[in-house]
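Reader: I am new to this structure and would like to understand how its descriptions are reached. Could you take me through a few of them?

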Amino acid sequence: MRPSPSKLGGLPRGLLISGLLATALTLFSMFFGAGNLIFPPMLGAQAGANFPAAIAGFLIGAVLLPVASVIAVAVSGTDARDVASRAGTKFGAAFAVLCYLSIGAFYGLPRTGAVSFSTAIQPLTGWSSGGAAVGFNAAFFAVAVVLAYNPRQVVNRLGKALTPVLLVLLVLLVWRSVSGNATDREAEQAAADVVTGAYASHPLSAGLLEGYMTMDSVAALAFGIIVVSSLKYRGVREGRPVVYGAAIAATIAGALLAFIYLGLGLIGRTIPNSGTYNNGAALLSDAAGYALGRPGRVVLGLIVVLACLTTAVGLLAASGQFFHRLVPQVSYHVWVLIFGATSFGVASLGLRTVLRVAAPLIAFLYPVAITVVVVTLLDALLRAVLPGYRRLQWGFTLPVWAAAIWSALVLLEGFSWGNPLVAPLVNWVPLASAGLGWILPVCLALLGGMIADAVVGRSVIRGDNRQGKLLRPSQG
């Protein structure tokens, strides 16, 4: 028997508090990995007096875009393939596979194990041997596989069990660090006066790029399948109720992320001698030590391991569900085991070589992913406010392909292939030096595509009208 709907967006009664909150906490935990923990404190330390503009840019890249990506998945269907397939069925499948592999078994998943060991376990225990790393990764990915093995229980295990513990530890660390360090007004003022690097000249775009590099906009396209599946498991109907539920859950998760990011950024602002740090892990470790002593470093270690573990569980579950949809002959459980074993092997071998391969792939995917999300939501918005509006076709295909071609050219330039020909093509546009040169070509392609859709739409309407005039006499 289907649960009776409430008045709020057609969502089932009883879902609004327990179900959506658990889904939101799950989404928060999947987004919040070790990189998300380390980036904001360094931003706070380096941005100095330009912290407000820098953190605003960071929140756009690390919160607003991922939330929009989850909503775009719900609007389009179930996963990244559904979102991108309007640019071509083969394009949608290839794009989705690259997304899931890049933030999954090829890079994102192995990184969770490797970062947990190097940032949390090694500083506390002093273990540095290859055997210790292999042993830890074996235990880490075994636990992740067990937690992800039943897709129906992922939300309960993350949202109702692990994430509340992670949030409590994070709030404790931020509160003790900021309140303790803020008593040193002289150090705080010194930190506010120091602005380094790109934050001195363009803090907003520098912060945006930091948020951009969390990879959460691409990860959100993968995690969307967990949000949509969770809502369907709980009896939410497809269509507007699923979109509404996903939007609420994503917004709650985004608000939690923004709150934690602001707190972590303030740690970087208030810690003494903030300008002397060159990596966020050391800064946080010292901040935890100042605030809580030796137990503080244990708390930080627990935060890192929990953040990485929840992200690993989410990535395993999302990858397993997607590839089971893509290749139904192989069960979800087998896919989870495959990705768990692959991630263990890559993490144990080390990530430096993998990063050389993964970083260009991620750089290629990001402009395409953001374009897909923005155009999908723009299309949905126009359909909602304009009566008789026809769905974008060229207005979707042209900007997505423009982003893909531009990213491919930038990739070629990065590898110095055909550099004399490629470099002039990609370096002439505004924001090229900041890695955002794709924005202008994509906007021009979107404008041209929307004009083409408008012309084609008028032609179709005229054709329909002419056909109606021809049919009326015979019908009369």
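Reader: In which helix does V63 lie?

Author: V63 lies in helix α3, which covers residues 51-76; helices here are DSSP runs of H or I with at least four residues, strands are runs of E with at least two, and both are numbered from the N terminus. This is a predicted model, in which local features need pLDDT of at least 70 and side-chain atom pairs count only at pLDDT 80 or more, while totals for chains, interfaces and linings use all residues. Residues are numbered from 1 along each chain as its sequence is written, and side-chain values use heavy atoms, with hydrogens and water left out.

Reader: Why is V63 called buried?

Author: Its relative accessible area is 10%, and buried means under 20%, exposed over 50% and partly exposed in between, with a 1.4 Å probe and protein chains only, so V63 is buried.

Reader: What is V63 in contact with, leaving aside its neighbours within four places in sequence?

Author: With contact meaning heavy atoms within 4.5 Å, V63 is in contact with F58, G254, L257, A258 and Y261.

Reader: How do you know that the span of helix α13 is close to the expected one?

Author: The expected span is 1.5 Å times one less than the number of residues; α13 (residues 280-292) has 13 residues and reaches 18 Å from its first C-alpha to its last, close to the expected 18 Å.

Reader: Which residues of α13 are buried?

Author: They are G280, L283, L284, A287, A288, G289 and A291; I267 is in contact with residues including L283, L284 and A287, when its neighbours within four places in sequence are left aside.
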